[in-house]
Amino acid sequence: METHPGKKGWDSTFFQNRDCPWFPCHAGVGEDTFNCLFCYCPLYALGESCGGDCTYTAKGIKSCMECAFPHKKENYGEVLRRARAVLDMAARPPREDREDSRERGGNGV
């Protein structure tokens, strides 16, 4: 399968950058199926609910060093499904909540 746009057979759910100096950046995924599409995980903000194998450092920082979840080609659909939770976190509150926010000193944007 081609992995670059504009070429016959290109798959928008899968991308590889074998020229990346860190490729493959996580163990546990074969080189032929390693998906670079989510190089920076869109699920990071979900903390332990991301679905991957994250750990936390002694300082409380999330570490994805041992996680290959978004890099497994077969997880594309699940990454998109879980990404909905990230979008929901960032969504603008309903109009009445924004007006209440202004009354409490928020900017109400």
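In which helix do Asp88 and Arg84 both lie, and how many residues apart are they? I began my notebook with this pair, keeping in mind that the model is predicted. I found both Asp88 and Arg84 in helix α1, where they sit four residues apart, which is about one turn of the helix. I then looked up their contact and noted a salt bridge, with the closest N and O atoms 3.1 Å apart. For Asp88 I wrote down a relative accessible area of 45%, so this residue counts as partly exposed.

Next entry, on another pair in the helix. I saw that Arg82 and Glu78 also both lie in helix α1, which covers residues 76-90, and that they too are four residues apart, about one turn of the helix. Their salt bridge brings the closest N and O atoms to 2.8 Å. I recorded Arg82 as partly exposed at 23% relative accessibility, and Glu78 as partly exposed at 25%.

Next entry, away from the helix. I looked up Arg18 and found that it forms a salt bridge with Glu31, the closest N and O atoms being 3.5 Å apart. This pair links distant parts of the chain, for the two residues are 13 residues apart, and both Arg18 and Glu31 belong to the segment before β1 (55-56). I noted that Arg18 is partly exposed at 41% relative accessibility, while Glu31 is partly exposed at 42%. I also noted that Arg18, Glu31 and Asp32 are linked in a network of salt bridges.

Last entry, on the count. I wrote down five salt bridges for the structure.

How values were computed. Residues are numbered from 1 along each chain as its sequence is written. This is a predicted model: local features need pLDDT of at least 70, side-chain atom pairs count only at pLDDT 80 or more; totals for chains, interfaces and linings use all residues. Side-chain values use heavy atoms; hydrogens and water are left out. A salt bridge is a side-chain nitrogen of Lys or Arg within 4 Å of a carboxyl oxygen of Asp or Glu. Buried means under 20% relative accessible area, exposed over 50%, partly exposed in between (1.4 Å probe, protein chains only).
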